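Let us walk through this structure step by step. Keep the sequence and the model side by side as you read.

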Amino acid sequence: MIVLGVESSCDETGVGLVSEGVLLGDALASSMDAHARFGGVVPEVAARAHLEAIVPVLHEALDKASLQLSDVDAVAVTAGPGLSTAVQVGLASAKALAFALDKPLYGVHHLAGHAAVDVLEHGPLPSRCVALVVSGGHTSLLLLGDLGRDPIVHLGDTIDDAAGEAFDKVARVLGLGYPGGPVVDRVAREGDPHAIGFPRALSRPSDPAYGFSFSGVKTAVARWVEARVDAGGEVPVADVAASFQEAVADVLTRKALAACREHRVDTLLLVGGVAANSRVRSLAEERCAAAGVELRVPPIRLCTDNGAMIAAVGDLLVRAGAPASGLDLGADPSAPLTGALLAGPWT
């Protein structure tokens with residue numbers, strides 16, 4: 001069975017082809033440059049870019065896999081969560097393909113795709129693991145079983161800004177541009193991560209054990225920089241970036257390891273765009289090694305949104321015998337996470 005996956009939840013248009021846990025080919029187009037002057041993703045700009053990119057990206061993925069459309073056995077697509085207009089472009093495209101090919105359509109949850117993509121690099125997931133999904137729009141701790149069959153247990157989420165969103169906003173404060181994640185990571189390598197003690201939110205015993213909040217640390221950075229400028233001092237950009245990054249990495253990894261201990265699992269899956277951050281990766285490696293927990297992290301190119309991850313979760317659903325979603329499937333920009341499959345229509 002060859003599964004074609006379509007991803008369009010934000011500013012990347014992705015198509016991937018997977019069979020039996022093996023990535024056959026994929027392609028990706030990004031509209032990031034079109035959003036840079038706005039300092040963030042503009043939904044209508046993203047949707048227009050998806051509309052223009054989807055067919056060329058589809059052909060490129062098929063070419064890389066040395067396949068024809070007629071070789072496809074099933075179509076998987078992100079049905080939510082994500083930007084409404086962006087999700088709708090990918091969903092409409094996937095429906096058209098499924099209808100034209102007379103193949104089953106599987107609407108999948110975007111976060112389940114992030115978790116599933118590691119299968120393409122490291123093989124099947126263990127029977128139970130904790131997944132830390134960290135991206136521009138999501139920061140979640142999940143307890144996973146069989147992604148194709150079992151419910152997903154949502155242990156915790158951010159109550160305000162996602163970690164990736166905080167990176168973008170701190171980069172703007174420091175004048176580093178957009179997107180913030182890669183540039184903050186790069187600049188932070190020249191700074192002292194202990195120069196400034198930025199707060200670690202929701203870290204008290206009375207706070208939600210697996211809840212996250214990054215609005216406070218973002219505001220703390222902005223106030224620290226403002227006070228420094230008002231006092232006539234020079235802002236040590238590298239130190240600020242490194243100290244902010246350390247605060248985020250500390251909270252993420254500490255709570256992830258606590259979840260592993262409480263639920264008695266010995267594998268931590270680190271996925272999403274922020275999983276590409278060098279400090280988040282290195283601190284996760286250090287703490288997992290000390291705790292005797294196996295750390296699984298996909299290659300950097302598969303951490304950000306892509307079509308391969310949607311094909312991967314679709315492949316798991318097909319092999320598990322999951323029911324198809326049907327062509328009446330609707331987009332759900334704020335889809336709750338209860339499982340990999342999103343069956344519609346929404347009620």
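How many aromatic pairs does a search of the whole structure find? The search finds two. Rings of Phe, Tyr and Trp (its six-membered ring) pair if their centres lie within 6.5 Å; planes under 30 degrees apart count as stacked, over 60 as edge-to-face and the rest as tilted.

Start with Phe 167 and Phe 244. Their pair is edge-to-face, with 5.0 Å from centre to centre and 70° between the planes. It links distant parts of the chain: Phe 167 sits in helix H6 (residues 163–173) and Phe 244 in helix H9 (residues 237–262), 77 residues apart. Helices here are DSSP runs (H or I, at least four residues), numbered from the N terminus. Phe 167 and Phe 244 are both buried. Buried means under 20% relative accessible area, with a 1.4 Å probe and protein chains only.

Now take Phe 212 and Phe 214. This pair is stacked: the centres are 6.1 Å apart and the planes 15° apart. Phe 212 and Phe 214 are buried too.

A word on the source. This is a predicted model, in which local features need pLDDT of at least 70 and side-chain atom pairs count only at pLDDT 80 or more, while totals for chains, interfaces and linings use all residues. Residues are numbered from 1 along each chain as its sequence is written, and side-chain values use heavy atoms, leaving out hydrogens and water.

Next, turn to a record. An unreviewed UniProt entry carries the annotation "binding site" for His 110, His 114 and Asp 305; such annotations may be inferred rather than shown by experiment, and the positions follow the numbering used here, with feature names shortened. Why do they gather at one spot? They span 196 residues in sequence, yet no two of their C-alpha atoms are more than 8.8 Å apart, so they gather at one spot.

His 110 counts as buried because its relative accessibility is 2%. His 114 counts as buried at 0%. Their side chains are joined by a polar contact of 3.2 Å. A polar contact is a pair of N or O atoms within 3.5 Å; within protein, one must be able to donate a hydrogen and the other to accept it, and residues adjacent in sequence count only if both atoms are side-chain atoms. The side chain of His 110 also makes a polar contact with that of Ser 9, at 3.3 Å.

Terms used
Helices (H or I, at least four residues) and strands (E, at least two) are DSSP runs, numbered from the N terminus. Buried means under 20% relative accessible area, exposed over 50%, partly exposed in between (1.4 Å probe, protein chains only).
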